[in-house]
Amino acid sequence: MDIRIFKTEQEIGEAAGKIYVDYINENPSCVLGFATGATPVPTYTYMAQQCKAGKVSFKDVKTFNLDEYCDLPKEHKNSFYMFMYDNLFSKVDLKPENIDFLDGNTDPVAESARYAKSIEDKGGIDIQLLGIGRNGHIAFNEPADEFSDEAYKIKLTESTIEANSIYFDDVPMPRYAMTMGIGSIMKARKIIFIATGKAKAQAVHDMIKGEVTPRCPASILQQHPDVTVFLDEDAASLL
Ligand code: F6R
């Protein structure tokens, strides 16, 4: 793993965002996998700024996202789709037909097969962006007895519900989500991983220095050939 440590979230956003901008400029019809959550926001802000400044165009880029809540309308303000719309999709020249998202309100088995085929039909994901949960989850792959493969429906853990429920003020936080599986994430050609803050320090330690185990789903990244890790000093404090 290529581990890079920065002082501020903004510096990370700029450094990670620059990798995307350069990649898109070299590969205008690339396939990108995105993540939601607080961590990637500065990266999306940087990409949006560069697009607005005419330094990059997303017009032929195709995107997928890691996960989506179940039992929450796509248009609800807390859906991951709306998060992406607010933070990136509405600010760049991506074409709506090039945006694919897991549907958390349909049959999970059929949806998993559809998503896997859609990714394959577009040639696979070139760069997948990842954050990490305090319990070591990536996407919504929670600690488990075995590593998952393709997308599936998962019951969220109390740790994840506690971390994300701060965003829900009008409806209860969903208890289930559709998530890309570990197998699909590991197929991405390149992974950009970002973690910031003390609350992530233990998970980051276990991911990089711990044994590879589904009890810390992120630890599987030790076996991926191309992972660039962006950390602030707090997240790196136990390394
Ligand atoms: C969401 C996702 C999650 C988050 C993780 C960290 O698409 O993949 O694994 O990356 O829960 O969330 P934040 O960044 O809010 O701390």
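**Exercise 1. Across which strands does helix α7 lie, and at about how many degrees to β9 does helix α7 run?**

Before we start, please note that this is a predicted model, in which local features need pLDDT of at least 70 and side-chain atom pairs count only at pLDDT 80 or more, while totals for chains, interfaces and linings use all residues. Residues are numbered from 1 along each chain as its sequence is written, and side-chain values use heavy atoms, with hydrogens and water left out.

*Step 1.* Find the elements: helices (H or I, at least four residues) and strands (E, at least two) are DSSP runs, numbered from the N terminus. Helix α7 covers residues 201–209, and β9 covers 227–232.

*Step 2.* Look for contact, meaning heavy atoms within 4.5 Å. Helix α7 lies across β1, β8 and β9.

*Step 3.* Take the angle between axes, which are lines fitted to C-alpha atoms (for helices over the stretch in contact), with angles from 0 to 180 degrees between N-to-C directions. Helix α7 runs at about 150 degrees to β9.

**Exercise 2. Work out the strand order of the open sheet and its edge strands.**

*Step 1.* Strands of a sheet pair through backbone hydrogen bonds, either parallel or antiparallel. Two strands are paired here if DSSP finds at least two bridges between them.

*Step 2.* At the edges are β1 (2–6) and β3 (62–65), each pairing on one side only. On average, neighbouring strands of this sheet are turned by 15 degrees against each other, direction ignored.

*Step 3.* Zoom in on one pair: β5 (residues 127–130) and β8 (residues 190–195) are joined in the parallel sense over 4 bridges. Here you can find Ile127 opposite Lys190 in β8.

**Exercise 3. Describe the largest pocket and the second largest pocket.**

*Step 1.* Rolling a probe the size of a water molecule over the atoms shows where empty space is left. On a 1 Å grid over the protein atoms alone, a cavity is a set of points where a 1.4 Å probe fits but cannot get out, whereas a pocket is an open set with protein on both sides within 12 Å along at least five of seven lines; lining residues have an atom within 4 Å of a point. Grid points are joined across faces, edges and corners, and a volume is the space filled by probe spheres set on the points.

*Step 2.* The largest pocket has a volume of about 730 Å³. Its lining has 37 residues, with Thr36, Gly37, Ala38, Asn164 and Tyr167 nearest the centre. At least two lining residues come from each of β4 (67–69), α3 (80–87) and α5 (158–164).

*Step 3.* For the classes, Ala, Val, Leu, Ile, Met, Phe, Trp, Tyr, Cys and Pro count as nonpolar, Asp, Glu, Lys and Arg as charged, and the others, Gly among them, as polar. The lining of the largest pocket then holds 18 nonpolar, 13 polar and 6 charged residues.

*Step 4.* The second largest pocket holds about 200 Å³ of space. Of its 15 lining residues, Ala116, Ile119, Glu120, Ser184 and Lys187 are closest to the centre. Helix α4 (residues 108–121) gives the largest share of this lining, 5 residues. By class, the lining of the second largest pocket has 7 nonpolar, 4 polar and 4 charged residues.

**Exercise 4. Which residues of α3 are buried, and what covers them?**

*Step 1.* Use the cut-offs: buried is under 20% relative accessible area, exposed over 50%, and partly exposed in between (1.4 Å probe, protein chains only).

*Step 2.* In α3, 6 of the 8 residues are buried: Phe80, Tyr81, Met82, Phe83, Met84 and Asn87.

*Step 3.* Their cover includes β2 (31–34), α2 (41–52), β3, β4 and α5.
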